[in-house]
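Dear colleague,

Please find the structure below, followed by my notes on what was found in it.

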Amino acid sequence: MQKTLTLFDTTLGKKAALALSGLVLYGFVIAHMLGNLQVFLGPETFNAYAAGIKGLPALLWTERIVVGSAVIVHLSMMIALYQRSAAARPVAYHRVTSAATSYASATMKFTGPMLLCYLVFHILHFTAPGLALGEYEHSHTDVYGNFVNAFQLPWVTLVYCTANLFLGLHLYHGAWSLLQTLGLSHPRYNALRAAVSRTIALGITAGNVAMPLGVMFGIID
Ligand code: HEM
């Protein structure tokens with residue numbers, strides 16, 4: 001018996017799922033950055049914010065399930081689309097793609113796996129089990145202390161800053177493709193699309209990089 005074709009079996013359906021899961025992850029990254037920026041307001045505010053989230057387990061676990069599912073969907077759609085395009089082209093041929101398109105897709109292929117590695121490291125480091133990589137004990141209540149202690153190590157600061165620069169590139173191309181999927185691909189709008197994508201990606205990168213650098217330069221201590 002022949003299997004019924006669902007929307008997810010089509011390239012368009014997979015691209016839509018990739019875009020939608022990307023949008024969810026975008027929302028998480030912005031909310032996470034805005035929450036974390038409260039570290040500049042001092043230990044009381046930041047620890048109260050972290051305790052507030054942990055005090056709402058239903059909200060925390062809903063967020064974890066939604067974000068975790070979005071990561072799984074995003075990855076599996078990416079792999080499926082990649083396999084589909086490779087299968088459709090068993091023998092490599094010279095494709096006529098613009099330099100910008102091949103640069104963007106090469107960037108996504110490189111930054112995507114890098115970000116996955118960063119995410120695993122980051123969760124092991126700050127959340128579960130919470131790895132103290134320097135001369136301190138990880139605390140489950142003093143999140144501010146973990147933060148300040150973690151970025152005393154220059155290599156940790158370097159890893160976070162580098163990963164967040166890659167995240168910025170990924171978000172730039174992600175926003176560009178997302179706006180295209182939403183139908184905003186027209187020579188008349190392309191400059192605006194690039195400007196919007198660049199502004200959002202730069203804002204998120206600046207916010208994320210400011211935190212480890214803030215510790216390094218003694219602004220957060
Ligand atoms: C320099 C940038 C970042 C800093 C300083 C940072 C900081 C933190 C801290 C302190 C926690 C633990 C919070 C707690 O124990 O209450 C955390 C958790 C987490 N971070 Fe980040 N983060 C950064 C960037 C990112 C990025 C870019 C992502 C995703 C791409 C991310 C994903 C997560 C996730 C998934 C968790 C676990 C949340 C949970 O417990 O459900 N973080 N982060």
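The ligand is surrounded by 18 residues, of which the closest are Ala 50, Phe 126, Thr 127, Asn 208 and Met 211, where a residue counts as near a molecule if its C-beta atom, placed from the backbone, lies within 6 Å of it. Two or more residues of this shell come from each of α1 (11–36), α4 (99–126), α5 (143–150), α6 (154–181) and α7 (190–216), and α4 gives the most, with 4 residues; helices here are DSSP runs of H or I with at least four residues, strands are E runs of at least two, and both are numbered from the N terminus. By class the shell has 11 nonpolar, 6 polar and 1 charged residues, with Ala, Val, Leu, Ile, Met, Phe, Trp, Tyr, Cys and Pro taken as nonpolar, Asp, Glu, Lys and Arg as charged, and the others, Gly among them, as polar.

Please bear in mind that this is a predicted model, in which local features need pLDDT of at least 70 and side-chain atom pairs count only at pLDDT 80 or more, while totals for chains, interfaces and linings use all residues. Residues are numbered from 1 along each chain as its sequence is written.

As for the chain, its secondary structure comes to 7 helices and 0 strands, and its C-alpha trace spans about 55 × 45 × 30 Å along the principal axes.

Best regards
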